Amino acid sequence: MSASEEGNARAAGYAPHPYIGGRGAALRALAAWRMRWPGAPRVIALTGNPGSGRSRLITGFLMMCDPDYRKQLPLDDMDPATVPPDLPAPAVPSPGGRTAAQVLWLLADHFELSAARSEDIFTELAGREEPVTIVVPDVDQAGPVRAANEPARLIRDVLQPLAATETVQLLADVPRELAAELTAALPDGQAQIIDLDAPEWADPKGLALHAETALGAPELPYTADPSARRALAAAMAERAAGDRLTLQLAVQSLLMQPEGFDPADASLLPGSVGEALDLHARRLGADPQVLRLMLAPLAFAEGEGLPVQLIAPLASALAGRDMSQDFADGMLLAAPFVQPVETSSHDEDAEEEPDGGVPGAGSTARPDDGAARVLLRLVHPALAAEIRSGLPDVRDAQTKIAMTLLEAVPQQDWSQADPYIRDHLAAHTLEAGLLPQLLTDPGLFAHADPVTLRAAIEAVPVEQLGAPARTYLRTAPLLTRSQASATMRAALLESAFVEDGLAPYAQALHARGFALPWRTLWSVPLAGVRAVTIASLSPDGEGASTADAAEGDGSPASGGTAAPRAVAALLVPEGTPGSRTVPGGPDGGEGQSGGVALLLHDLHAPQYLDADPARTVQPSEEERAAAPFALSRGADYLRVWTRASREVVAALLSDSPITGADLSSDGVLVVATERGVTARQILAPVPAAPTVPAQRTGTTDADAPHGLEGDHS
């Protein structure tokens, strides 16, 4: 699309897009793509300099693609070549703050795919009879952690496979350095890069029109006259050289603080984002460096923005002096460059967990949870990049920010930390190069947003991580999948620490004030367990192996008649070290593939037992029915509930299929998975025996109330 075509459209009297105010050439290309016009590309990468208006163009185009919203637009007055056909709205997965995997599963949900793995999503899309249309805006804003480079991962893991899928019509707003990577592997004619800063796509007249419209309200002495306003807008647009963000900042500065501005003085018009900052400060009689320091904390902000009360302390840390008075005197100085975001602690925590009423599984109380709070952020990421580029040492700046945030945690109690600090400190320490040193506090592991913390940890080479961080990293998929609360995260991590031989970290979680549903007694990495049964072992012929013994041997007292010993009988493949073959297998061995054996383990202590399985006695059905707790399970989850009140007292999600589980009368839960076997002592008080005997003794899910099952997609 040429500049002459743009001029012809204006000459024909067509109205501009009311939100975009121009960009006719780009809109024509996008409309042709949407209607699959002969010769139009299947994939478009929309790019340009930061602040070039890519997001605004995509937003305006999507307005016309929405069947309901387009009814509010003057489409009949616009150039027909810029108006896409009236079709169902495209899929628009927002990458802002999300990982590449989250964006991909948003698409799977939108198209109601049955895929269980990421690669299956592309296969299902490729097999659809009708093409699908996908628009991905703001790729540069992908990821919960800015320093983790999630935009590149989104291109590589999601957008490239989508672009290669013939049934997918794709439009993506991407940074310039990633545009060629998205389209490089596609055949000629299937892909197009639209660079809004290239001459064929630039729209200087549209930029001037945008400035003229913005300067119309409120009326200022030098904007009241239409011709004067038009001349000023043209001068501002020419000076901005096509950069819409520079123009936007110049207009905002002028409207908020018109004093000291002379429209005849071209030196007061900024030609870049940096000049917009500095000229604004000088016009208000302030030091530009002070303004940049005031905005510096926001330039490093993660997530939605910074809580207001943290900005001044962080600015003071970066400046090396107290800046409280600068903020008291100069809030209007910073006003054109910031915007408020009203949110709540509850929104930030994102803790709408399916905890099923489990005691201790709900959210741990936190300061201001659910209360509205105001965050501040810069008006554009390119402004943040400009401010960061002006600092002598970004890593040192992040170190100062991280230390200041850490000092703001009351007595290092993460349950009392500001939600921003709790969830985003890891991102600051990542860019400071200090994240591995932070990853030693199990309280932080439990309280921090698992999506954000996982993204930060995954950006660190594994060899630099300590054992606790590696345990967190392997558990993180379960934490994010289940959307578990802080207490439930603590419970899952407590077991994971025991499984990995990090018992002190598990014990630390019990000391952090969490009402955990269980205490993990022991765990063994034993593969191939087919079933678990809790039984009693006669003391005759009993002997404990010394190789696997640990403290707390649980053996009966010497002398006199010893009581039977509670054990977990594990059905394992024949030949498993320490096991004894079961003659004929269970129930005579019918239908068993290969030999089977029993391996005995003390129920309460981390100790294998060398004893004859024939001396084990299983509880009768009557004894099981009289037990205070009952168990129900699915493929990768289970629940423990009281028989008397049918209240769920513990709910467990597993990151691998459960192959066996049993529950003792005193509340010891033994669970076998493909990873191994773990015993947990349920900490809920043992309820009084029911006055009416239980009538049902099965352990199917139908016997239990609905509890924590999580998201098993």
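How much space lies in the largest cavity?

Reply: The model is predicted, so its local features need pLDDT of at least 70 and side-chain atom pairs count only at pLDDT 80 or more, while totals for chains, interfaces and linings use all residues. Residues are numbered from 1 along each chain as its sequence is written, and side-chain values use heavy atoms, with hydrogens and water left out.

The largest cavity holds about 120 Å³ of space. A cavity is a set of points, on a 1 Å grid over the protein atoms alone, where a 1.4 Å probe fits but cannot get out; its volume is the space filled by probe spheres set on the points, which are joined across faces, edges and corners.

Thirteen residues line the largest cavity (each with an atom within 4 Å of a point), and A250, S253, L268, P270 and R283 are the closest to its centre. Two or more lining residues come from each of α10 (244–256) and α11 (273–283), helices being DSSP runs of H or I with at least four residues, numbered from the N terminus. The lining of the largest cavity comprises ten nonpolar residues, two polar and one charged. Here Ala, Val, Leu, Ile, Met, Phe, Trp, Tyr, Cys and Pro count as nonpolar, Asp, Glu, Lys and Arg as charged, and the others, Gly among them, as polar.

In total, there are five cavities of 30 Å³ or more. The second largest cavity contains about 40 Å³ of space. Q289, R292, L293, I387, G390 and L391 line the second largest cavity, and helix α12 (residues 288–299) gives the largest share of this lining, three residues. By class, the lining of the second largest cavity has three nonpolar, two polar and one charged.

Key: 1 Å grid on protein atoms, 1.4 Å probe; cavity = no way out; pocket = protein on both sides within 12 Å on 5 of 7 lines; lining within 4 Å.
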